Amino acid sequence: MAYLDHAATTPMLPEAVRAMTAQLAVTGNASSLHAAGRRARRTVEESRESLAACLGARPSEMVFTAGGTESDNLAVKGLYWARRAADPARTRVLASPVEHHAVLDAVDWLAEHEGARVEYLPVDAYGRVHPDALRAAIERDPADVALATVMWANNEIGTIMPVRELADVAREFDIPLHADAVQAFGQVDVDFAASGLAAMTVSGHKIGGPYGIGALLLGRQYAPVPLLHGGGQERHVRSGTLDTPAITAFAVAARHAAEHRATFAREVGALRDELITAVRAAVPDAILGGDPDPAGRLPANAHFSFPGCEGDSLLLLLDAQGIECSTGSACTAGVAQPSHVVLATGTDRELARGTLRFSLGHTSTGADVAAVAAAIGPVVERARSAGLS
Ligand code: PLP
């Protein structure tokens, strides 16, 4: 088996499994005042400190959530509601068109239900938002912008955004910028303080931690309107009993990701380059998606468009040979849709139907690359003979 879908989820690290398993056997609600509660609270706070240190943040800036989707929704909707409440003129939301659906659909929901005017920022052929584009959008009327949201790195084509420069522009106008760093964390240097962001999303299961745990890093001056009401456990911004086992394992995985990031980037980046070379050798007209410069893309990402092919056919033919990857695009009611990310880069609809994303991770080996190298030529030939429906 060659598992090449680490961007969807990556295997939990053994040390994270051990940490989580140990905590599952411990009783205690971190909000309880008795000894068991205080023990759980200590575990949570130690994990929070460790996670914050890995992300260049202060512990008080970490709001635990149930994952990337919730963090994205809290940032986008919560900041929108808070900014609009403070100034009803602030209803414009600036977003990149290549965001994950957790951001994109939240933004579109605000437009449909909450009077937001959404403006999608232009991107280049690699799916990158340029700081000048953000500046131009803000300058059209700096007084009506609620927030801006641009992901740190794209989950489909791997392009890394100039987050620091974008945050500089946003700060100049006092506009909160949120970045979804779900894919960037563990692959590039993600430092919340140095980035200048107002808010940043991270998720546990993309870095070797458990599913269903994430965090929104949030500057102390921001108080988004909560999505969930209840006990107000996390800064009164997020309610719900804290998941001590998942938080502990998330912190262990984050520590591992931070300590091994440079080696990971070098080793996995080299494997990824081999994979790109192999695919291009087998299918000379395959088109690499995203930034061809390794410095401009996630080290674990290789994304291709294969002319004349249906992405789903490629995926299933590879799956039949034990190679697991992704098309990167969404499926609506069983009908394959070209990816909004690939379309936003200017790729035509027909070509955008034949995409595949190979994403590597901490268990990837040269054997995985060799499996793709051997399979991809014949698989593309078969998919081409089936053609586009
Ligand atoms: N944002 C990005 C960029 C992602 O890749 C994902 C997961 O696919 C998410 C958000 C959602 O995160 P989660 O699965 O933790 O809800």
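Trainee: Let's start with the ligand. Which residues come nearest?

Mentor: Bearing in mind that this is a predicted model, there are 13 residues around the ligand, and those that come nearest are Thr69, Asp180, Gln183, Ser203 and Lys206.

Trainee: And how far is the side chain of Thr69 from a ligand oxygen atom?

Mentor: An N or O atom in the Thr69 side chain is 2.6 Å from an oxygen atom of the ligand. For Ser203, a polar side-chain atom likewise lies 2.6 Å from a ligand oxygen atom, and in the case of His100 an N or O atom of the side chain is 3.3 Å from an oxygen atom of the ligand.

Trainee: How much of the ligand's accessible area does the protein cover?

Mentor: On its own the ligand has 400 Å² of accessible area, and the protein covers 85% of that.

Trainee: What kinds of residues make up the shell, and which helix gives the most?

Mentor: The shell around the ligand divides into eight polar, three charged and two nonpolar residues. Helix α3, which runs over residues 68-86, gives the most to this shell, with three residues.

Trainee: Switching to helices, what does α8 look like?

Mentor: Helix α8 has 39 residues, yet its end C-alpha atoms are only 48 Å apart, which is short of the 57 Å that a straight helix would reach at 1.5 Å a residue. There is also a bend of about 65° in α8, located at His260.

Trainee: Where does α12 bend, and by how much?

Mentor: The bend in α12 is at Ile376 and amounts to about 40°, with a proline, Pro378, following within four residues. The helix covers residues 366-386, and its 21 residues reach 30 Å from the first C-alpha to the last, close to the 30 Å expected at 1.5 Å a residue.

Trainee: Is Ile376 buried or exposed?

Mentor: Ile376 is one of the buried residues of α12, and others in that group include Asp368, Val369, Val372, Ala375 and Gly377.

Trainee: Now the backbone. What's the phi of Asp174?

Mentor: Asp174 has a positive phi of about 60°, although it is not a glycine. This residue sits in the loop between α6 (163-172) and β6 (177-180), and Asp174 counts as exposed because its relative accessible area, 61%, is over the 50% cut-off.

Trainee: And where is His236 found?

Mentor: His236 is found in the loop between β8 (214-218) and α8 (244-282). Its phi is also positive, near 60°, in a residue other than glycine, and with 65% relative accessibility His236 counts as exposed.

Note on methods:
Residues are numbered from 1 along each chain as its sequence is written. This is a predicted model: local features need pLDDT of at least 70, side-chain atom pairs count only at pLDDT 80 or more; totals for chains, interfaces and linings use all residues. Side-chain values use heavy atoms; hydrogens and water are left out. A residue is near a molecule or strand if one of its heavy atoms lies within 4 Å of it. A polar contact is a pair of N or O atoms within 3.5 Å; within protein, one must be able to donate a hydrogen and the other to accept it, and residues adjacent in sequence count only if both atoms are side-chain atoms. Accessible areas come from the Shrake-Rupley method with a 1.4 Å probe; for residues, only the protein chains shown count as cover. Helices (H or I, at least four residues) and strands (E, at least two) are DSSP runs, numbered from the N terminus. Ala, Val, Leu, Ile, Met, Phe, Trp, Tyr, Cys and Pro count as nonpolar, Asp, Glu, Lys and Arg as charged, and the others, Gly among them, as polar. The expected span of a helix is 1.5 Å times one less than its number of residues. The bend at a residue is the angle between axes fitted to the seven residues ending there and the seven starting there. Buried means under 20% relative accessible area, exposed over 50%, partly exposed in between (1.4 Å probe, protein chains only).
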